[in-house]
Amino acid sequence: MNDSFRSQNKPALLKVQNLTIELTTRLGTAPVIDDVSFELHEGETLCFVGESGCGKSMTALALMGLLPEKVSRIASGSIEFNGVDVTQASADFLNQLRGNELSMIFQEPMTSLNPVFTVGEQIAEVLRHHQGVDKSTGVKLATQLLDQVKIPEAHRRVHSFPHELSGGQRQRVMIAMALACQPKLLIADEPTTALDVTVQAQIFDLLDELQKEHNTAIMLITHDMGVVAEMAERMVVMYAGRKIEEGPVDEVLQQPAHPYTRGLIACVPHLQAFMHEERVPLLEVPGVVPSLNQFGGNQCLFADRCDQVNERCLNNRPENKYTNQRSVACWYPTAEGVFL
Amino acid sequence: MIQRVANAALLLIAVLVLNFTMMHLAPGDIADTISQSMGGADATVMQQIRAEYGLDQPFLFQLKTYITKVLHFDLGYSYFYNQPVTTLILEKLPATLLLVISAQLLALVLGILMGVYAARNRNGFFSFLVTLFALLGYSAPVFWTGILLLIAFSLKIQWFPVAGMVDVTISGGFFTRALDIAHHLFLPMITLASIFIALYSRLCRASVMEVLGTDYVRTAKAKGLPERSVVYKHALRNALAPVVTLAGLQFSAVVSGAVLVETVFSWPGLGSLALQSIIARDTPTILGILFFSALVVIVGNLLTDIVLRMLDPRIASKG
Ligand SMILES: Nc1ncnc2c1ncn2[C@@H]1O[C@H](COP(=O)(O)OP(=O)(O)OP(=O)(O)O)[C@@H](O)[C@H]1O
Ligand code: SF4
Ligand SMILES: [Mg+2]
């Protein structure tokens, strides 16, 4: 199962192959990420969508080597970043990548900054660690970065503590921190869910701008199809720990192949117009996500909610079928002419 | 902060009133002691003694006189030692302060180090030892620990002196004398610290474990910082606040523990003085000691507050 897309000639910046992550809870051990493969190229934006609990954050944390200890582990598969498998890398090697070539913005801006250090110190720390700059240069660069992420009065804010900033400003600080060393890959895990709508649009504009400037690859996790349409070239749809569909955004949105993707799109009436407006909660496909202990079963996990379900779906797990640009994991894909 | 100091002052006065009232309520006074030492005295003589010391005045009047005097730094005169109480106490205070502060610091430093270690290796053998040691240290009475250490390290293996604070036979410069005091201090300090090491290490372990699971520690790891600086810079600074708070709350316990330890090791501090003056029913001295203990505890709590503010800017900004 090594058939990701080879449409671009340059080797992929990130190549995830057959990644399986096991999570141990009171209910037992289950694959929260089940045989997921994807690639990401330089300067590209790849969106991950899917309902809450489908394993988007887990995937991101695995790339960073930050899976919750004790309860989860990489059971199989590989994550190649720049040709090196980070699942096998030493802690020292990982520490050279993290915050430097590989950065992440977390889902929770309110709690992701350390309350006892100034934001300037928290940004400067990354620069001191990875680029060996001295203390005063660190503060100077931190101020510039705050300015770059459009925090007003950066020279003053650089001495503020996180609790003195709003949620939007804190997320900007996180972005400044993540971009401090101009990473090759930025993972943004729902960077705006905790923020209000106007701030959301600003943050995405900012990410877009910074990406164009530095040719950063972005893995953007979101609940929001409007964001996908606006931000990404390609998208991956996750369901219950599995990649169920992947492809170029415009193609998938126009011709979704998986019944779940179709459901997602159906509940967003005017995708393109939605970026800057108040939105209804998205991803409201009727029915509920299977619980963690059902993950990993040899069947289609969407079967409970699918109107096309039949015997085969209940007894056999649909493997990912690949065409030139796209992939789908369904026995009866709906995109006419794409998967036949 | 100013308000804190004002509160502390009010508290101190309340302590004064309470101490005085309780001493007043307790049966027996200096007249009893004097008459006992004279081999008995009749009622008129007792009356005379009481009049002489102002003990026949109404309670509230006595209280007022006492508080006014204390506020002028006059703690009265000890009939038993024939010395002003202030002189008496200031003579003994340094020894007690030395014991209390060194034990508290030792307990904090060791408690924190052990706590951090146990948190990082939470299922390791050492972590288990910390828990076990914590239980023992906390549940064993101070004087028992003290006597045990005394027997082991002063009598059996004669590493440390049995009693006192200085060896009068040793002469020499400041350094020699400091070393001698440290030598004497070691066992009492360990004994007093043992209760609190246990307490602090357990709390520190729990606190560090909690902080290691926070989002901002994950952020620190995501920056590529080595584990050392993730734990000692990002996690510990946050994990310390509860430990320091507890240490502040325990300050009075350390002071009262010191009384016992001083007795076991004949440490020439306020504790030994307190014991003697209680036996002698030397009210002014007892009151003076109570006053100073309260002062030590209150100052300790103020210091705790200041440290907490330095640790966490959120406390400082709340005022
Ligand atoms: N530290 C953890 N301990 C135990 N279970 C966890 C932990 N983190 C995540 N999970 C579980 O793993 C599953 C996948 O979680 P994940 O955070 O990847 O979902 P998600 O797709 O990011 O959802 P959301 O959109 O809500 O962020 C969920 O069922 C979640 O409850
Ligand atoms: S495999 Fe079957 S149940 Fe699953 S999505 Fe496709 S048609 Fe529906
Ligand atoms: Mg998530």
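What follows is a set of questions and answers about this predicted model.

Q: What makes strand E2 of chain A largely enclosed?
A: Look at how many of its residues are buried, a label that needs under 20% relative accessible area. In E2, residues 28-40 of chain A, 10 of the 13 residues are buried, so the rest of the structure largely encloses the strand.

Q: How do you know that strands E1 and E2 of chain A pair, and in which sense do they run?
A: Pairing takes at least two bridges. Here 9 bridges join E1(A), residues 14-25, to E2(A), and the two run antiparallel. You can pick out a facing couple too: A:Val16 stands opposite A:Phe38 in E2(A). The link from E1(A) to E2(A) is a hairpin through 2 residues.

Q: Why are E2 and E5 of chain A said to stand at the edges?
A: They belong to an open sheet of 4 strands in chain A, ordered E2-E1-E4-E5, with antiparallel pairing. E2 and strand E5 (84-85) each have a single partner strand, so one side of each is left without a neighbour in the sheet.

Q: How do you know that E4 and E5 of chain A pair?
A: The requirement is at least two bridges. E4(A), residues 72-81, and E5(A) have 2 bridges, in the antiparallel sense, so they count as a pair. Across this pairing, A:Glu80 stands opposite A:Asp85 in E5(A).

Q: What is the order of the open sheet of 8 strands in chain A, and what is its pairing like?
A: The order is E6-E7-E8-E3-E9-E10-E12-E11, and the pairing is mixed. E6 and strand E11 (321-322) are called edge strands, as each pairs on one side only. Inside that order, E10(A), residues 242-248, runs antiparallel to E12(A), residues 327-328, with 2 bridges joining them. There, A:Glu245 stands opposite A:Val328 in E12(A).

Q: Which atoms coordinate the magnesium ion (ligand 3)?
A: They are OG of A:Ser57 and OE1 of A:Gln107, at 1.9 to 2.5 Å. A:Ser57 lies in helix H1 (residues 56-64) and A:Gln107 in the loop between strand E6 (102-105) and helix H3 (119-131) of chain A, so the pair ties together parts that are 50 residues apart in sequence.

Q: What makes the phi of A:Asn18 worth a look?
A: Most residues other than glycine have a negative phi. A:Asn18 is not a glycine, yet its phi is positive, near 50°. This residue lies in strand E1 of chain A and is partly exposed at 21% relative accessibility.

Q: What is the phi of A:Lys150, and where does this residue lie?
A: Its phi is positive, about 65°, although A:Lys150 is not a glycine. A:Lys150 lies in the loop between helix H4 (135-148) and helix H5 (154-157) of chain A. With a relative accessible area of 46%, A:Lys150 is partly exposed.

Q: Which residues make the nonpolar surface patch of about 720 Å²?
A: The patch is made by B:Phe143, B:Trp144, B:Ile147, B:Leu148, B:Ile151, B:Leu155, B:Val162 and B:Leu260. Helix H7 (residues 142-156) of chain B gives the largest share, 6 residues. B:Leu260 is found in helix H11 (residues 251-265) of chain B. Patch residues need over 30% relative accessible area, and B:Leu260, partly exposed at 39%, passes that cut-off.

Q: What makes up chain B, and how much of it counts as buried?
A: Chain B has 14 helices and 2 strands. Of its 319 residues, 45% count as buried, and buried means under 20% relative accessible area. The C-alpha atoms of this chain fill a box of roughly 85 × 55 × 40 Å along the principal axes.

Terms used
Residues numbered from 1 in each chain as written. Chains lettered and ligands numbered in written order. Predicted model: local features only at pLDDT ≥ 70, side-chain atom pairs only at ≥ 80, totals over all residues. Heavy atoms only, no water. Buried < 20%, exposed > 50% of the residue type's maximum accessible area, 1.4 Å probe, protein only. Donors = N, O, S within 2.8 Å, 3.2 Å for Na, K, Ca; no water. Patch = residues over 30% accessible without salt bridge, like charges linked within 9 Å, V, L, I, M, F, W, Y side chains within 5 Å. Areas by Shrake-Rupley, 256 points an atom, 1.4 Å probe, with all protein chains shown as cover. Salt bridge = Lys/Arg side-chain N within 4 Å of Asp/Glu carboxyl O.
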